Amino acid sequence: MGLVTGILTLPVLPVEGVGWVLDKVVRAAEDEFYDPAPVQEALVNLERARDEDRIDDEEFAEQEQALLNRLEEIRAYQLRQGGQPAP
C-alpha cells in the first residue's frame, strides 16, 4: 500500500474495525442463542420436576412441547448454516 493510498483510506479503517467487532458480537450472540445445551438441560430439569411432583402432567406436556419446538428450531438453523445438528 502506497503512502497516498494509506493516507486516503485512513478514515475508513475505524469503520471497518467497528464492522468487524459487530460481526463478532453477532456471531457470539447467535452461537449462544442457537446452543442446544441449555434447552436440553431444561428438558432434564423439567423431567426431574415432574418426577418430584413439582408440576403436573399437563404443565409438563406444555413446557416439554415448547422446549422440543425450540430444539427443532435450533436444529433447522444449524442445518441452514451448513453444520451438523447437535445430538
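Visitor: Why is glutamate 73 called partly exposed?

Guide: The model is predicted, and the value is computed from it. Glutamate 73 has 40% relative accessibility.

Visitor: What makes arginine 70 buried?

Guide: Arginine 70 has a relative accessible area of 17%. Buried means under 20%, so arginine 70 is buried at 17%.

Visitor: How do you know that arginine 70 forms a salt bridge with glutamate 73?

Guide: The closest N and O atoms of arginine 70 and glutamate 73 are 3.0 Å apart. The cut-off is within 4 Å, so the pair counts as a salt bridge.

Visitor: Where do arginine 70 and glutamate 73 lie, and how many residues apart are they?

Guide: Both are in helix α4, three residues apart. That spacing is about one helical turn.

Visitor: How many salt bridges are found in the whole structure?

Guide: Four. Among them is the one between arginine 27 and aspartate 23, with N to O at 3.2 Å.

Visitor: Which helix holds arginine 27 and aspartate 23?

Guide: Helix α2, residues 13-33, holds both. They are four residues apart, about one turn of the helix.

Visitor: Why are arginine 27 and aspartate 23 called partly exposed?

Guide: Arginine 27 has 49% relative accessibility, and aspartate 23 has 32%. Exposed needs over 50% and buried needs under 20%. Arginine 27 therefore counts as partly exposed, and so does aspartate 23.

Visitor: What makes glutamate 52 and arginine 54 a salt bridge?

Guide: Their closest N and O atoms are 2.9 Å apart. The limit is within 4 Å, so this pair qualifies.

Visitor: Which class does glutamate 52 fall in, and which does arginine 54?

Guide: Glutamate 52 has a relative accessible area of 46%, so it is partly exposed. Arginine 54 has 53%. Exposed means over 50%, so arginine 54 is exposed at 53%.

Visitor: Is aspartate 53 buried or exposed?

Guide: Exposed: aspartate 53 has a relative accessible area of 68%. The class needs over 50%. Aspartate 53 lies in the loop between α3 (36-51) and α4.

Visitor: What is the phi of aspartate 53?

Guide: Phi is near 60°. That is a positive value in a residue other than glycine.

Visitor: Which residues form the negative surface patch?

Guide: Asp51, Asp53, Asp56, Asp57, Glu58, Glu59 and Glu62 form it. Helix α4, residues 57-80, gives the most, with four residues.

Visitor: How do you know that aspartate 57 is exposed?

Guide: Its relative accessibility is 55%. Exposed means over 50%, so aspartate 57 counts as exposed. Its place is in helix α4.

Visitor: Which residues form the nonpolar surface patch?

Guide: Trp20, Val21 and Val25 do, with about 310 Å² of accessible area together. Valine 25 is in helix α2.

Visitor: What pattern does the protein chain follow along the sequence?

Guide: It reads α-α-α-α. The chain has four helices and zero strands.

Technical notes:
Residues are numbered from 1 along each chain as its sequence is written. This is a predicted model: local features need pLDDT of at least 70, side-chain atom pairs count only at pLDDT 80 or more; totals for chains, interfaces and linings use all residues. Side-chain values use heavy atoms; hydrogens and water are left out. Patches are made of residues with over 30% relative accessible area and no salt bridge: like charges are joined within 9 Å, nonpolar side chains (Val, Leu, Ile, Met, Phe, Trp, Tyr) within 5 Å. Accessible areas come from the Shrake-Rupley method with a 1.4 Å probe; for residues, only the protein chains shown count as cover. A salt bridge is a side-chain nitrogen of Lys or Arg within 4 Å of a carboxyl oxygen of Asp or Glu. Lys and Arg count as positive and Asp and Glu as negative; His and the chain ends are not counted. The place of a charge is taken as NZ of Lys, CZ of Arg, CG of Asp or CD of Glu. Helices (H or I, at least four residues) and strands (E, at least two) are DSSP runs, numbered from the N terminus. Buried means under 20% relative accessible area, exposed over 50%, partly exposed in between (1.4 Å probe, protein chains only).
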